[in-house]
Amino acid sequence: MSFIYKKAISFADKLIPTKFQPVWNHPAGPKTVFFWAPTFKWGLVIAGISDLQRPAEKISLAQTSALAATGVIWCRYSLVIIPKNYNLFSVNFFVALTQLYQLSRAIQYQRSAAANN
């Protein structure tokens, strides 16, 4: 698999315009897992956005809290590692943002349900 990857990258190296070479050759750029792992993590953001329509009583506080916490932790981590990984930062920022919003909805629902009882 490594052989195929290396051949594909060397072929793509010739196709990348000069002005995009700094991004292409960046230590956290498209040639590395440090680019692709956060890129695929955008699926969590998409899932979080689609869950915004979920009824508040069906939101898991434990799951939402865990996702929000990991989003915040990884945001911080992405800015202290060398090289800084802004792709990792942005995806985790939006993971944290969507999950904190969901968490606020769930807590607000539980408070109103408790007040009504």
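Is N92 buried or exposed? N92 is buried, with a relative accessible area of 0%. Here buried means under 20% relative accessible area, exposed over 50%, and partly exposed in between, with a 1.4 Å probe and protein chains only.

A word on the basis of these values. This is a predicted model, in which local features need pLDDT of at least 70, side-chain atom pairs count only at pLDDT 80 or more, and totals for chains, interfaces and linings use all residues. Residues are numbered from 1 along each chain as its sequence is written, and side-chain values use heavy atoms, with hydrogens and water left out.

N92 is placed in helix α5, residues 86-116; helices are DSSP runs of H or I with at least four residues, numbered from the N terminus. Leaving aside residues up to four places away in sequence, N92 touches K41, T70, G71, W74 and C75, where contact means heavy atoms within 4.5 Å.

W74 is partly exposed, at a relative accessible area of 37%. Together with I73, Y77 and V80, W74 makes a nonpolar surface patch of about 390 Å².  Such patches consist of residues with over 30% relative accessible area and no salt bridge, with nonpolar side chains (Val, Leu, Ile, Met, Phe, Trp, Tyr) joined within 5 Å. A salt bridge is a side-chain nitrogen of Lys or Arg within 4 Å of a carboxyl oxygen of Asp or Glu, and accessible areas come from the Shrake-Rupley method with a 1.4 Å probe.

I turn now to the aromatic residues. How many aromatic pairs does the structure hold? The structure holds six; rings pair if their centres lie within 6.5 Å, and planes under 30 degrees apart count as stacked, over 60 as edge-to-face and the rest as tilted. W42 and F94 form a tilted pair, 5.8 Å centre to centre with 40° between the planes. This pair links distant parts of the chain, with W42 in helix α3 (residues 33-50) and F94 in helix α5, 52 residues apart. F89 and F93 form a stacked pair, at 6.1 Å centre to centre and 25° between the planes. F89 and F93 are separated by about one helical turn, because they are four residues apart in helix α5. W42, F89, F93 and F94 form one aromatic cluster.

Finally, K19 lies in the loop between α1 (2-13) and α2 (21-24). K19 is exposed, with a relative accessible area of 68%.

Definitions and conventions:
Helix = DSSP H or I, 4+ residues; strand = E, 2+ residues; numbered from the N terminus. Patch = residues over 30% accessible without salt bridge, like charges linked within 9 Å, V, L, I, M, F, W, Y side chains within 5 Å.
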